[in-house]
Amino acid sequence: MQKPLYDIIAFDLDSPLVTVEGLDELARKNGHHQQIQLITQKAMNGLIPFEQSLHQKLDLLRPSQSDLVELGLTYINKLTPGAAKIVNILKLLKKQVIIITGNFHPAVSVLAKHLRIKHFICNKIIFDNNGNYRSLDPHSPLIKPGAKG
């Protein structure tokens with residue numbers, strides 16, 4: 001039997017659950033913040049498609065698997081005040097809490113595990129055998145504009 005929609009509560013990651021933007025954090029870490037902001041502005045102004053902007057950002061940042069685990073730990077340290085409490089209250093009310101975000105595994109899974117959220121939908125990055133960035137997984141569910149909406 002499928003649960004009624006109101007028994008499933010979905011959160012985006014940036015802003016509702018954490019106070020930082022994932023790609024901005026990665027960009028600050030490796031000195032590409034201004035370039036990332038420029039790509040974001042181009043996409044928001046319709047000069048380049050969203051999916052192209054995402055590929056450009058990731059090709060510039062090239063986050064490793066360990067970078068994304070570290071980002072997940074940053075998410076834990078930058079939880080939005082009250083977010084963990086709200087998640088816990090919703091669970092006590094027998095609501096299924098999920099995360100739907102354009103951010104990336106494993107960063108999302110680190111936070112989800114911390115909040116004891118079992119289900120999340122996020123984008124995936126393909127890494128080589130050493131954990132280095134290869135590419136954005138083309139089958140990631142949220143790389144197309146409007147995919148979350």
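A residue counts as buried when its relative accessible area is under 20%, as exposed when that area is over 50%, and as partly exposed in between. The structure described here is a predicted model.

**Salt bridges between helices**

Side chains of opposite charge can pair when their charged atoms come close. In this model the count of salt bridges comes to four. Three of them are described here, beginning with the one between Asp67 and Lys29, where N and O lie 2.7 Å apart. This pair links distant parts of the chain, since Asp67 belongs to helix α4 and Lys29 to helix α1, 38 residues apart. Asp67 has a relative accessibility of 19% and therefore counts as buried. Lys29, at 46%, counts as partly exposed.

Lys29 also forms a salt bridge with Glu70, with the closest N and O atoms 3.5 Å apart. Here too distant parts of the chain are linked: Lys29 sits in helix α1 and Glu70 in helix α4, 41 residues apart. Glu70 is partly exposed, with a relative accessibility of 42%. Through shared partners, the salt bridges join Lys29, Asp67 and Glu70 into one network.

Another salt bridge joins the side chains of Glu25 and Arg28. Both residues lie in helix α1 (residues 22-30), and because they are three residues apart, about one helical turn separates them. Glu25 has a relative accessibility of 22% and counts as partly exposed. Arg28, at 47%, also counts as partly exposed.

| Salt bridge | N to O distance |
|---|---|
| Asp67 and Lys29 | 2.7 Å |
| Lys29 and Glu70 | 3.5 Å |
| Glu25 and Arg28 | 3.0 Å |

Ser64 is in the loop between α3 (50-61) and α4 (65-77). Its relative accessibility is 12%, so Ser64 counts as buried. Apart from neighbours within four places in sequence, Ser64 is in contact with Phe127, Gly131 and Tyr133.

**The sheet**

Four strands form an open sheet in the order β1-β2-β3-β4, and their pairing is mixed. At the edges are β1 (8-11) and β4 (133-136), each of which pairs on one side only. On average, neighbouring strands of the sheet are turned by 30° against each other, direction ignored.

Strand β1 pairs with β2 (residues 96-105) in the parallel sense, over four bridges. Ala10 has Ile98 in β2 as its bridge partner. Helix α5 (residues 83-92) lies across β1 and β2 and runs at about 165° to β1.

Technical notes. Residues numbered from 1 in each chain as written. Predicted model: local features only at pLDDT ≥ 70, side-chain atom pairs only at ≥ 80, totals over all residues. Heavy atoms only, no water. Helix = DSSP H or I, 4+ residues; strand = E, 2+ residues; numbered from the N terminus. Buried < 20%, exposed > 50% of the residue type's maximum accessible area, 1.4 Å probe, protein only. Contact = heavy atoms within 4.5 Å. Pairing = 2+ DSSP bridges. Axes fitted to C-alpha atoms, helices over the stretch in contact; angles between N-to-C directions.
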